[in-house]
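Q: Can we go through this one together? I'd like to start with the ligand and then move on to the charged pairs.

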Amino acid sequence: MFPTHRSRRLRNTTALRNMLRETTLAPQHLIAPLFVQEGLASSTPIASMPGQSRHGLDSLLREAEACAEAGVGGVILFGLPEHKEPEGSGAWAEDGIVQQAARAIRARELPLLLMGDVCLCEYTSHGHCGQIQPGDREGRVDNDATLALLARTAVSQARAGIEVIAPSDMMDGRVAAIRAALDEAGFTHTPILSYAAKFASAFYGPFRDAADSAPAFGDRRTYQMDPANGREALRDALLDVEEGADMLMVKPGLAYLDILVRLRQACDLPLAAYCVSGEYAMLEFAAAAGAIDKRAAVLEALTSLRRAGADSILTYHAREAAAWLRE
Ligand code: PBG
């Protein structure tokens, strides 16, 4: 009790604070999401995500090199095909845009982990994450019909040199289906990072601009989770562990720190948190308006994800933050 106990004693000097800091944040924890667009000559800025662009292949390579130079741990690729159609076949095309990009990046032998987002919504003309039965206007998505297509996409990404497969579609059974397909194709060593607790969030708005992947009808609430549900998130994530996931992700990140903490307590797999596009946009626009100090706020937000239990963090601030952390 006061005055015997004074918490401020341990906050008194920089040396003490540095020595006793509980959580670290380093460049190698960060993963940069990158958008690559088929047929794009250079790059196009994304208006709702200041500082982020859709890249053509050359521009993507330069961005990946800059990430590697800054010490970023990895990049995760999102593809925008030239043509979308109902099945989303651009996702698994051997010369699909992500597959081309992956080969080009691997050829550079950059010191980066190369990850691939596996989902169909960037490739389907209706913008849903799986197969829609003809006539369905609600966007329910046929779970079991979608599994084979996701598995095919994962194998084609692995063939192109993607080192970590990250399914974000939220179909039931997709981790098991992808694991079996990867193993059968000889990729027994390719890990799966499951977007295990992915919520139907309003914070994906800017991403859907960027990837042109907003659903044409209905919404994603029959497959992504209800933001009000914490117990369900744990249950669903642990099913992915049983199916063979090697790592789990919580998404969005900042608005779901409680889920990260609970998952950290409930399992021992490495965890990732995705600080999503709307969370990035909030930080960027608030900083641009002079309301917050961008560098301090971004580093604080990323540290909070680590403190809650994330081993790695997917963030559009990856390159910038890595550079700050190295100064
Ligand atoms: C694809 C996918 C989405 C995001 C990552 N993978 C969009 C969605 O589910 O609608 C969002 C990422 C972000 O907002 O930064 N399913």
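This is a predicted model: local features need pLDDT of at least 70, side-chain atom pairs count only at pLDDT 80 or more; totals for chains, interfaces and linings use all residues.

Q: Fine. How far is Ser277 from the ligand, taking a polar side-chain atom and an oxygen atom?
A: The distance is 2.7 Å, so with the cut-off at 3.5 Å the pair counts as a polar contact.

Q: How much of the ligand's accessible area does the protein cover?
A: The protein covers 100% of it; on its own the ligand has 400 Å² of accessible area.

Q: Switching to salt bridges. How many are there in the whole structure?
A: A search finds 14. One of them joins Arg179 and Asp246, whose closest N and O atoms are 3.7 Å apart.

Q: Where do those two sit in the chain?
A: Arg179 is in helix α5 (residues 174-184), while Asp246 is in the loop between α7 (231-243) and β8 (247-251). They are 67 residues apart, so the pair links distant parts of the chain.

Q: Buried or exposed, that arginine?
A: Arg179 is buried, because its relative accessible area is 13% and the limit for buried is under 20%. Asp246 is partly exposed at 31%.

Q: What about Arg264?
A: Its side chain meets that of Asp311 in a salt bridge, 3.3 Å from N to O. Arg264 belongs to helix α8 (residues 257-266) and Asp311 to the loop between α10 (294-308) and β10 (312-315), so parts 47 residues apart in sequence are tied together.

Q: And which residue pairs with Glu284?
A: Lys294 does, at 2.9 Å from N to O. Glu284 is in helix α9 (residues 277-288) and Lys294 in helix α10, so this pair ties together parts 10 residues apart in sequence. Glu284 counts as buried at 9% relative accessibility, whereas Lys294 is partly exposed at 22%.

Q: Which residues form a network of salt bridges?
A: Glu94, Arg103 and Arg159 are linked that way.

Q: Last topic, the surface. Which residues make the nonpolar patch?
A: Leu10, Met19 and Leu20 make a patch of about 330 Å². Met19 is in helix α1 (residues 14-20) and counts as exposed, with 66% relative accessibility.

Terms used
Residues are numbered from 1 along each chain as its sequence is written. Side-chain values use heavy atoms; hydrogens and water are left out. Patches are made of residues with over 30% relative accessible area and no salt bridge: like charges are joined within 9 Å, nonpolar side chains (Val, Leu, Ile, Met, Phe, Trp, Tyr) within 5 Å. Accessible areas come from the Shrake-Rupley method with a 1.4 Å probe; for residues, only the protein chains shown count as cover. A salt bridge is a side-chain nitrogen of Lys or Arg within 4 Å of a carboxyl oxygen of Asp or Glu. Helices (H or I, at least four residues) and strands (E, at least two) are DSSP runs, numbered from the N terminus. Buried means under 20% relative accessible area, exposed over 50%, partly exposed in between (1.4 Å probe, protein chains only). A polar contact is a pair of N or O atoms within 3.5 Å; within protein, one must be able to donate a hydrogen and the other to accept it, and residues adjacent in sequence count only if both atoms are side-chain atoms.
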